[in-house]
Amino acid sequence: MARKKLRLQADNLVQGISQQVPSKQTLNHCADRRNIVPSIVHGNTKRPSLRFDARLNLPVRDDMAEHFYTRDADESYLLVNTGDDIRAFDRKTWEQATVNAPEGYDYLSSPNSPAEDFCFLTLGDYTLVCNKTKVVKMMEDKTPAAQNKALLYVTQGDYATTYKVFLEGTLVATLTTSEEEVEETATDFIVQQLRQQIVEFLGGTITSTPSSSVKNTEGFDLVWSGPSATAEEVLGIIDNGGEGGGYEGRGGTKITVDGNFLLTYTDPQTGSHQIAGKGPLTVEWDSTAPPLTEYAGNISGTGTFTATWSSVIIPETADAYTITGDGSVITIARTDGEPFTLTATDSINNDAIKVVMGAIQRFEDLPPRAPDGYAVKVTQSSGVDEDDYYVTFRADDPSNTESVGVWVETLGDEIHYALDASTMPHFLIREADGSFTFRPGDWDEREAGDEKSVPNPSFVGRTINWMYFFQNRIGFLTGSSKIEGRTSDYFNFWRKSARTRLDTDPVDLAATTSEALKLHYAYPFDQKLVIFADDTQLICTGGATYTPATAAMEVASQYEMDPRTAPVVVGKSLFFTVRQGRYSSVMEMQGAEGNTDKLYAVEVTEHVPHYLPQGRYKMIASAKANMLLMIDPSGDQMWVYNWLWADRARVISSWHHFRFAEGAPVWTGMFSANRLQLLTVKGDDTPIAASITFDENGRYLESLEDAHLDFLSQGQLTDDAGDTIVEVPLYYTDPVVLGVQQNGAIREVSDLVTDWVPLPSPTMGNSATHSFRLPGVWEEVIVGELMDVYHVFSEPFPVKYGPRGEMMADLRHRIQLTNLTLNITDTGPFEVTVKKPHRPERTERFTGLSLGNKPSTVDGAPISSGSFKVNLRGQSQDMEVTLRSRTWMPLCLTGAEWSGSLIRKL
C-alpha cells in the first residue's frame with residue numbers, strides 16, 4: 001500500500017454535533033458535546049456557571065404554565081399558573097408579589113396540565129390568561145323586546161290636503177286642510193287635530209259629535225254584534241226577536257244597531273277592516289243587494305253599502321290606548337303593551353304623513369323628535385337582513401317630550417349582547433402598589449345591530465387556541481379562523497356600526513383551504529402575521545393599512561409542524577418543530593426575498609436527524625447570544641443550537657446540549673439580553689430560580705465569580721474564634737467550596753469543610769438553609785457543584801475537491817493516526833480519553849503546566865495557553881477520542897490537528 005504523511009487541521013471546532021456519515025462531516029464537527037459554547041472569535045469555551053438566585057414558593061411539578069412579563073427596563077416578573085392559583089415573582093429580587101383573586105380561580109380548571117391548556121399575552125399592565133379548553137359563550141341576558149309604540153307625524157302641510165289615520169284598519173281620524181288658511185297647513189296644527197279625533201274615537205273627551213261613515217262600492221261581507229238591533233226592509237219589517245236579532249228580507253235594507261258595536265267588513269280593494277264604536281250604527285245597502293240571510297248579524301253581497309255611526313271606541317275598554325306628545329309628533333300605544341296596527345294616508349302621494357312602528361325602510365323618514373330611548377329598525381331597500389340596523393332617539397332633555405335630540409345606532413330587539421366573561425380569557429393586572437389582581441376581563445359588549453348585521457365573533461361557541469398582538473390589535477385563533485379586535489380598543493371584538501364598516505372594526509377571517517384546518521399559533525414576523533396549522537402555514541397581510549377590507553389570509557407554505565411545541569421568533573428567524581418518527585426536527589423560517597406572500601424554511605437539524613427526542617418542548621432564543629434552547633421540562637438536559645450569519649452565509653450551525661449538576665431538570669427559561677434565567681429544581685426540593693450570563697469574560701479565571709460551577713452561591717461569612725462559619729442557601733450533595741484568602745489567592749477548600757448542618761426554619765428567597773465551618777479566616781467563599789464537560793471528536797477522513805471546488809470524501813484512502821494536537825487558550829486541567837476496539841481505554845491528562853503559562857491567581861492550579869499533544873496510533877475509523885473537563889476551572893479549545901499517514905487502498 002502507498003503511504004503518505006498527513007496533517008488534518010480543524011481550524012475552530014465550532015460546528016457542533018453531526019450525525020452524518022463521517023464522509024459528510026467536517027473536522028470542525030464533533031460526535032457529541034456537553035456544556036461547551038462555540039464562538040468563531042473566542043473558540044469553544046466551557047459553559048458559564050449556573051448561579052443560584054432564589055428559592056421560589058412553587059409546587060414541585062414540571063407541567064405548570066409559565067410566562068415572563070417585562071413591564072419596562074427596570075421591572076419584570078415570572079408569572080406561574082400552578083393549576084390551582086397564579087403566582088408572581090419579581091425577576092430582579094425574586095420576591096413573591098401578592099396576587100388577589102376576588103372571584104377565585106375556577107377559570108384555571110382544565111382537563112390536562114396547565115402547560116398544555118394555557119397561554120398568556122401581556123399588554124402593558126394587563127396579562128391575558130387563556131384557558132384553551134374553555135368554550136366561549138354569550139351571557140343569557142338579552143336586550144328588551146320591541147315596544148309596541150307608534151309614532152305619528154306630519155312631514156308636510158299643504159292647502160286642501162286630506163290626512164287620514166287608521167287604527168286596526170279602522171278610520172279613526174280624518175282632516176282636510178283649508179284652501180286658504182295658512183295656519184291650517186302647519187304640521188303641528190294638523191297633527192294635533194288628528195290627535196283630538198283619535199282621542200274622541202277612543203272614548204276620550206268629545207268636543208263634537210261628528211258623523212263618521214264608510215262606503216263600500218264593490219261588494220261586501222258584513223258582521224255586526226250588539227245588545228239590540230232593528231232591521232227595516234223597504235218592503236216590510238221582519239223581526240224574529242232575540243238579542244242580536246235574526247233578520248230576513250229582500251230588496252233594499254237598513255239595519256240600526258244601538259249601543260256599543262263591533263263591525264267587521266271585507267272590501268275586495270282594501271281588504272279586511274274592523275270598526276268598534278258607539279251606536280247607533282246604521283248600515284244601508286241598495287235594492288240590488290241580496291236579502292238578509294237566516295243568520296243573525298251576517299250580510300254578504302256584491303252590491304254596495306254605507307255604514308254610519310256617531311263615534312267609535314275599542315271593544316274592551318275605553319282607555320286601552322295612550323296618546324302622548326305635542327307638536328308635530330305623537331306617540332300611540334296600547335296600555336297592555338300588545339301589538340296593534342296604525343296606518344296613515346294623505347292626498348299627496350302619501351308623503352305628507354308618516355307612521356313609524358317597529359321598522360322603517362329609510363333613515364330619512366324618521367321624525368325630528370321622539371320619546372327618549374324610542375328604537376326603530378331600519379330595513380333599507382336591499383332585501384337582506386345583513387344590512388339592517390337599529391336606531392334610538394337620544395333626547396337632549398329626556399324629561400321633556402318635546403326635547404330635540406339625535407337618532408343614534410343601537411342594538412336590536414331580544415338579542416344576546418354580552419360575552420360571558422367567565423368563559424373568556426381572564427385578566428392578571430399589575431396594580432399601582434405592585435400587587436396583582438386576577439379576575440374576569442372587561443370585554444366590551446355589542447353596541448349596535450343584531451346577530452346578522454353585527455355577527456358574534458367567530459370564537460363564540462368555540463375554544464380560543466392562541467393569543468397574539470398584531471397591527472395594534474389583540475388577536476385570537478379559534479378553529480380555522482383568526483379574529484383581531486378593534487384597533488387600539490383592545491378588548492372590543494364587535495363592529496362599531498351595523499350601518500357603516502370602519503377601518504378600525506375587527507378583522508375576522510377564516511382559512512379558505514380544501515381541508516379543514518386547526519390554527520395553533522400566530523406570530524408577527526417579517527411585517528406580516530404567520531399562522532401555524534398542523535401541516536400548513538398561512539400569512540396575513542393588509543397592505544399599507546390593515547383593515548377589514550384589506551386584510552387577507554393565504555397559504556404560504558406547507559410544513560408539518562408539531563403543535564405540542566410553540567414556535568419562537570428571534571431576529572429575522574422563526575423556529576418551529578416537526579415530527580420525524582421518534583425524533584423531532586427544527587425548521588428555521590425566513591421571509592422569501594422578493595415575494596412577501598411566500599415563506600421558506602430550512603431544516604437546521606438536517607445533520608442531527610436522531611438527536612432531539614420527539615416530545616413537548618419549550619423553545620426560547622436570544623439574538624444577542626445567537627442561541628436557541630430546546631427545554632424538555634421532564635428531561636435532565638437542554639438541547640442547544642448556536643448559529644452565526646456572516647455575509648448572508650451561515651458560518652455556524654452547531655447543535656450540542658447543556659446538562660446541569662445532578663441532572664437537574666429545567667422547567668422554563670427566558671433570555672434578557674445575554675443573561676439566561678431558568679426555573680429549575682435541585683433534587684426533590686424547592687423550585688429554584690437560577691441564571692447563566694453568556695459573556696466573554698468568564699474564560700480566564702480572575703475571581704470566584706468566574707468559577708465554572710452549577711448552583712453557584714455566595715456564602716455568608718461569620719468569624720468564630722479564628723474559624724469561619726459559612727451559611728449557604730442550598731444543600732449540596734457533593735459540594736465544591738472555593739475560598740479567597742487575604743492574599744487574594746483562590747483556593748479549593750472542599751476537603752476542609754466540617755459541621756455541615758441545616759439551619760432551622762428556612763424560608764423562600766435567598767436566605768440561608770445550611771451552614772458549615774472552615775478553619776481560618778476567609779475573605780470570600782462560594783459553593784457549587786461540578787458540571788460535566790466533554791467534547792467527542794469526529795472521525796477525520798481524507799478529502800478531495802470536486803470540479804466546482806466542493807469538498808468530497810476520498811474513499812480511495814484510509815487514515816492511520818499518530819497524534820492529536822489540541823490548541824487551547826486560558827485553560828485549566830482536562831483529560832483526553834482514547835478508545836479503541838479490543839484495547840483498554842487510555843487517558844492522558846493536561847495538568848495546566850506547559851510552556852507559555854499565564855500567571856494565575858489560583859493556588860497551585862496553573863491556567864495555560866498553548867497546545868497539548870495526545871498519542872493516538874490507530875486507524876481513524878476504529879477510534880473514539882473524548883476531551884473531558886471535571887474541574888471548576890476554565891476550558892477554551894480553539895482548534896485541533898491530526899497527524900498520521902494517508903494509506904491508499906489497493
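Reply: Two cavities of 30 Å³ or more are counted. The model is predicted: local features need pLDDT of at least 70, side-chain atom pairs count only at pLDDT 80 or more, and totals for chains, interfaces and linings use all residues. Residues are numbered from 1 along each chain as its sequence is written, and side-chain values use heavy atoms, with hydrogens and water left out.

Me: Why is a space called a cavity, and what volume has the largest cavity?

Reply: On a 1 Å grid over the protein atoms alone, a cavity is a set of points where a 1.4 Å probe fits but cannot get out; a pocket is an open set with protein on both sides within 12 Å along at least five of seven lines. The largest cavity has a volume of about 60 Å³, volume being the space filled by probe spheres set on the points, which are joined across faces, edges and corners.

Me: What makes a residue part of the lining of the largest cavity?

Reply: A lining residue has an atom within 4 Å of a point. Phe793, Leu817 and Trp898 are among those that line the largest cavity.

Me: Which residues lie nearest the centre of the largest pocket?

Reply: His67, Phe120, Trp466, Tyr523 and Ala566, out of 49 lining residues. The volume of this largest pocket is about 1,600 Å³.

Me: Why are β25 and β26 called paired?

Reply: Pairing needs at least two bridges found by DSSP between two strands. β25 and β26 have four bridges, in the antiparallel sense, so they pair.

Conventions
Helix = DSSP H or I, 4+ residues; strand = E, 2+ residues; numbered from the N terminus.
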